[in-house]
Amino acid sequence: MDVVVAGLFSLGVFLVIFVPVAQRLLGVRFGVVRMVLAGAITLSLFSPIANALVGKLPYTGSNGVAIAFLVLTTLCSMLAGLVFLVLAEALVPTGSLPRARDLRRDLSGRIARTRRYLQILRIAIKHGLGPYLRGRRRPGRENAAGQAELARSLRLALDEAGVTFVKLGQVLSTRSDIIPGSVATELSRLQDQVSPAPWPQIEQVLTEELGAPPHQVYADFDSEPLAAASVAQVYTARLRRTPDDGQDGPRVVVKVQRPGIAGIVDRDLDIVRRLARLLERNTDWGRSMGVRALADGFADAMREELDFTVEAGNMTTVAAGRSIAASNDLVVPGLYPDQSTRRVLTMQRLDGIGLGNARETIADRGLDPVRLGRSLFECLLGQVAIDGVFHADPHPGNFLLLTDGRIGMLDLGSVGRLDPATRDALQRFLLAIDHGDPVSATDALLEIVYRPDVIDERALERSVGQFMTRHLAAGVALGPAMFNDLFKIITSHDLGVPPEVAAVFRALATIEGTISRISPGFDLVAASRQFAAAHVTDRLAPEALRRTATEELATLLPMLRRLPRRIDRIAAAAESGRLGVNVRLLADERDRRHVTGLLHQALLAILGATAGLMAVLLLGTPGGPQVTASMTLYQLIGYNLLVICAVLVLRVLVLIFRLPRHLT
């Protein structure tokens, strides 16, 4: 026991000296565990190294030689500890291993994720998707029968995998630019209608979110769900009357998030990201499709959908947009923020029937289906081209034909947002379509999408012109083939579609199908041209041009006032021969620090190489003063230089191993 205590005490005393010296020599800091292990290695090798250098201890030579050998022995044993630290940094970088408390906290989550991995892989293999995951087969290279079989297998696998993967399939079904059209059509059959969660669980969610049971917050609450989806369930209710109002409170619908769905979605999104990284790393088709970027975008959208405060903000923003305000035929339900939280959304109840089943009702009421279709289409185009915030999922189930003949817009959990530059390009694209100008349409299209470094613009103009002739001529019926051909043009010229622009194309393709349910003969091409003529060309009106010129002139005026004085000073300096240009290299502190670090590493490498070369020369030099019977002074100095060389090389290596984490 005394020996153990003495050993631990010796190790502790040694670490007090070793830790600061080692960190100073290598120039970085290490964790406690690594330093203790390195110190133990150094201390354990001290005696063997000393015996190897001078024979059995104690040493009986002169004091000066003894001190020299003691220093050499200490440096050699410390070198072993430094080598351990560098190897540990190379093999297991600092921060790559979780802490003990993180391991304990995440153990259950890791086990659950592993089980989910195995379940998903089992489902994929069960439906014959294993060869695609391993990269042995590529989507899009099969014949028509093979693509149909792949589409069916993928739909069944996603449907069986659960809510997150069903949503993923629904998103992919709108991306005909990256997946075959037959696969997209098959995935569009995915539905997220599920059995409703029991009322006690929903009641608990309402109580937790609203701070009181639902019967205390609402005057009346129907426990039977009006609709049940995979993420949320919808109930009808009535708010309590206010003290100043003797009438009953307004009727509302309450959207409640299913209990436990957030944890399931987070776990599945993590798996989706990991699978996307795996596919992009191991398969050619994964890299070409950019599945990692798709997974990241899908994960962000899915997390937004789980936060009902985002949908509440979307409702407020869309309702305040000019497109809704200027339309007499569309309405967004009002929001009740006092009864809305992250998992509960209370909104105005709109009475009506789904737009997909409203064709006969429109005829019975004597409503004009063409006018309703035009109002719906112009509203969406206005949201895209003018407001910049638009409904990203305008399928028939998200619209109601109200009893007063208007159309109610529902489910704004998924909206698209466009920056002003993209909106301006879209407006010019619409204007070019209205004028039948393929050159201007191509220029606007190149500002909308990501363009490669090298592109054949003449070939792209011809493709756009052929597209306009085929699909935008008078009397040509608009359909899904138009958007498929547009995506083919984009992909064939290696153009990249930003997610927000893909959402625009997806919304336009979806709204075409929605409008066709109530007005089969509706001409979207003519409606697009009318919208461009009525709204986009307003920017070219004299008053609009005068206002734009005034705004630009107000911005340029201060610079124009200073310009004559500056030109005069430049001309005077040039006339007198005093004109010069001052350029400050490495003016940014970060650039100076980076270059300094590189110079330090290069200098350390040169010094290490020099010390190593000198050590080799000294060790190979015969003769010299004899220090011991088996070692000369030249050899003693050479061994010390070898240790110095090793320390300098280790310092450079550890900085290299740490460098990527500093840059990321």
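Hi everyone, let me start with a pair of strands: β2 (residues 227-228) runs antiparallel to β3, and two bridges join them. Two strands pair if DSSP finds at least two bridges between them. Helices (H or I, at least four residues) and strands (E, at least two) are DSSP runs, numbered from the N terminus. Within this pairing, A228 faces Q233 of β3. The two strands make a hairpin, with three residues between them.

Before going on, a word on what we are looking at. This is a predicted model, where local features need pLDDT of at least 70 and side-chain atom pairs count only at pLDDT 80 or more, while totals for chains, interfaces and linings use all residues. Residues are numbered from 1 along each chain as its sequence is written, and side-chain values use heavy atoms, with hydrogens and water left out.

Now, back to β3. What other strands does β3 pair with? Strand β1 (residues 218-221) is one partner, antiparallel over three bridges, and D220 has R238 in β3 as its bridge partner. Strand β4 (residues 251-257) is another, running antiparallel to β3 with seven bridges; there, V234 sits opposite K255. If you are new to this, strands of a sheet pair through backbone hydrogen bonds, either parallel or antiparallel.

Is β3 mostly covered or mostly open? Strand β3 (residues 232-239) is mostly covered, with six of its eight residues buried. Here buried means under 20% relative accessible area, exposed over 50%, and partly exposed in between (1.4 Å probe, protein chains only).

Between β3 and β4 there is a loop, and D248 lies in it. Which residues does D248 touch? Apart from neighbours within four places in sequence, D248 is in contact (heavy atoms within 4.5 Å) with R238 and R241. Remember R238: that is the residue bridging to D220. The C-alpha of D248 is also 8.5 Å from that of A219, although 29 residues separate the two along the chain.

Next, another sheet. Four strands form an open sheet of mixed pairing, in the order β5-β10-β9-β7. At its edges are β5 (330-331) and β7 (352-354), each pairing on one side only. Strand β7 runs antiparallel to β9 (residues 399-402) over three bridges, with G354 opposite L400.

The loop between β10 (407-409) and β11 (415-417) holds D411. This residue has a positive phi of about 55° without being a glycine, and D411 is partly exposed at 35% relative accessible area.

Now for a helix. Helix α13 (residues 291-306) has 16 residues and spans 22 Å from first C-alpha to last, close to the 22 Å expected at 1.5 Å a residue; that expected span is 1.5 Å times one less than the number of residues. Its buried residues are V291, A295, F298, A299, M302 and L306. They lie on the same side of α13, because they cover an arc of only 105° around the axis. That arc is taken from the directions from the helix axis to the C-beta atoms. An α-helix has 3.6 residues a turn, so residues three or four places apart point the same way.
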